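This report walks through a model, from whole chain to single residues. Keep the structure in view while reading.

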Amino acid sequence: MKGYNFAYLDEQTKRMIRRSLLKAVAIPGHQVPFGSREMPLPYGWGTGGIQVTASVLGAGDVLKVIDQGADDTTNAVSIRRFFARTAGVRTTTVTTEATVIQTRHRIPETQLRENQIIVYQVPQPEPLYRLEPSRVETRRMHALSDYGLMHVKLYEDIARYGQISISYDYPVLVNHRYLMSPSPIPAFDNPKMHMMPALQLFGAGREKRIYAIPPWTEVRSLDFEDHPFRAINAPYPCGLCGATDSYLDEVITDDRGGRIFVCSDTDHCSERQAAGHVGADGWQDAAQ
Amino acid sequence: MSDETLIAARGLSLRFGAIPALVDVDIDLWPGEMLAIVGESGSGKTSLLNVLSGRLAPDAGAVWYRDPSGQLHDVHTMPAPALRTLHRSDWGFVHQDPRQNLRMNVSAGGNVGERLMARGARHYGDIRGQAIDWLEQVEIDADRIDDLPRTFSGGMLQRLQIARTLVTHPRLVFMDEPTGGLDVSVQARLLDLIRGLVTRLGIAVVLVTHDIAVARLLAHRIAVMQRGRVVETGLTDQVLDDPQHPYTQLLVSSVLNA
């Protein structure tokens, strides 16, 4: 019975999830139901993502887990350790070394490759749920690609705030057909999903839905011709590595208004620092 | 008026259990024509409207719609996406209660623009321009474009619903008691507005009402319904001034100054 129960889930469950994954890949952006299992972590901590990862993981894979861009936060450390123990796979924090990347809230800054899979943890797979409370109706809207309502939301934003005010979980249209929630990644990361060489899988454990974007698929963020989509980011370079093209976290450093902006992608930041890039606050760190 | 009907129904029948809602109903509507369906409560008026607009399937009979290219479509066998496309561009539906149609947590401008966006309009400036234009056409102050409908009065809500429906220039609008629940002066103003817009844009209307006065004011033709049957049909003035069927005679004589 060697190989049985590899990666925590039993083989029948993994077959069921893989069937849903295949269907999801065949219909890009379409939400496929699956029989979500109880996992040894609470809903909202990545039960969907962890089940998808368990189903695609093989013995030769190298796993990386990101939580808000960081490899060293509780969720990332726990899930990485979970698979190291239940599957015995090699884990890494280096984006380029990984073959499977499970993520929450971010896409790595490093461009992904064709032989990589990125698995997103999704709290709410239905992009229309705040606008239309009935799931029967939203399913009908998806079936008839009746997405005027999503544009009404964008219209309301512009009418009220002068711009589209969605900063994360920014709705996208996949392959000119399905409206999709990209999970709560910042809008800054949306362009990375477009024509990505890697396979993108999305798992929502509590909502029991799986969806996917196959490699090299068009993913367009919704917008208006005269109010085009803009990726929003803090207008500073990274305090540690000086990067100007990566997504930044604001970190409060003291109780007197001190703050620094640092790369949210810790792997990207440390690689840049190792290559000799230093930001304005990096010198201070070194001096201390 | 052209010889070709815009919408034609033949032999419509529908039962709700033991209750006959429609019994062998034939209806024809020509482009640009206003047809009033009158009758007492429970006579099958609203059922007829729902069957004509494809929202309710009949037990027997068929509804044929002629698209702008002259092709006929059976409303009840056409694919669901095609029917929805019809409903959000070529057709419109005005409910008695505007809250059924409007989105109460979306601004007036968003409400008017929704059909445009559903049809693929993706230019914010254009959508807003058309929304302002339509608010003015239904006599709502353009300053109120960003206000929520719940701050509007009943008459304004009904006018907003009409703007939202007519913004895509439909060829056919179904109206279910559009003036119900409004006071007399607001009703008169709304009727005036509907008549003006419909005549100017050449829209065909199927109007369901129990109010003979509304039918007389708006409709070219009238169909009188009783217990699911159309008992009399003809030009409005003809039917109301010289009713032939006993039920129509009763209906007309029971209304003061109709």
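Domain bounds here come from an automatic or database domain assignment. With those bounds, the centres of domain 1 and domain 2 of chain A are 28 Å apart, taken over C-alpha atoms. The model is predicted.

**Domains of chain A**

Domain 1 of chain A covers 11-221, and domain 2 of chain A covers 248-287. Their contact draws twelve residues from domain 1 of chain A and five residues from domain 2 of chain A. The domain 1 side of chain A has three nonpolar, five polar and four charged residues where it touches domain 2 of chain A.

**A helix pair in chain A**

Helix 1 (residues 11-26) of chain A packs on helix 2 (residues 47-56) of chain A at an angle of about 100 degrees. Their axes are 9 Å apart. Angles of 65 to 115 degrees count as roughly perpendicular, so helix 1 of chain A is roughly perpendicular to helix 2 of chain A. Helix 1 of chain A brings A:Lys14, A:Ile17, A:Arg18 and A:Leu21 to the contact. Helix 2 of chain A brings A:Gln51, A:Val52, A:Ala54 and A:Ser55. By class, this contact has four nonpolar, two polar and two charged residues.

**Two loop residues of chain A**

A:Gln124 sits in the loop between strand 5 (117-121) and helix 4 (135-143) of chain A. A:Ser246 sits in the loop between strand 10 (219-221) and strand 11 (248-252) of chain A.

Is each one buried or exposed? A residue is buried if 20 or more other C-beta atoms lie within 10 Å of its own, and exposed if 12 or fewer do. A:Gln124 has 15 other C-beta atoms within 10 Å, so A:Gln124 is partly exposed. A:Ser246 has 21 other C-beta atoms within 10 Å, so A:Ser246 is buried.

Beyond its neighbours within four places in sequence, A:Gln124 is in contact with A:Tyr129, A:Ser181 and A:Glu207.

The table sets sequence separation beside C-alpha to C-alpha distance for one pair from each residue.

| Pair | Apart in sequence | C-alpha to C-alpha |
|---|---|---|
| A:Gln124 and A:Val262 | 138 residues | 28 Å |
| A:Ser246 and A:Asp189 | 57 residues | 9.6 Å |

**Chain B as a whole**

Chain B has nine helices and ten strands. The radius of gyration of chain B is 18 Å, close to the 18 Å from the globule rule for 258 residues, so chain B is as compact as a globular protein of that length. The C-alpha atoms of chain B fill a box of roughly 55 × 45 × 40 Å along the principal axes. Of its 258 residues, 44% count as buried. Take the contacts in chain B between residues at least 6 apart in sequence: 65% of them join residues at least 24 apart.

**Where chain B touches chain A**

How many residues does each chain give to the contact? Chain B gives 17 residues, and chain A gives 14 residues. On the chain B side, helix 2 (80-88), helix 3 (108-118) and helix 4 (124-137) of chain B are the elements that give two or more residues. Helix 3 of chain B gives the most, with six residues. By class, the side of chain B that touches chain A has seven nonpolar, six polar and four charged residues.

Conventions:
Residues numbered from 1 in each chain as written. Chains lettered and ligands numbered in written order. Predicted model: local features only at pLDDT ≥ 70, side-chain atom pairs only at ≥ 80, totals over all residues. Helix = DSSP H or I, 4+ residues; strand = E, 2+ residues; numbered from the N terminus. Rg over C-alpha atoms; globule rule 2.2 N^0.38 Å. Contact = placed C-beta atoms within 7 Å. Nonpolar A, V, L, I, M, F, W, Y, C, P; charged D, E, K, R; others polar. Axes fitted to C-alpha atoms, helices over the stretch in contact; angles between N-to-C directions. Parallel < 35°, antiparallel > 145°, perpendicular 65-115°, else oblique.
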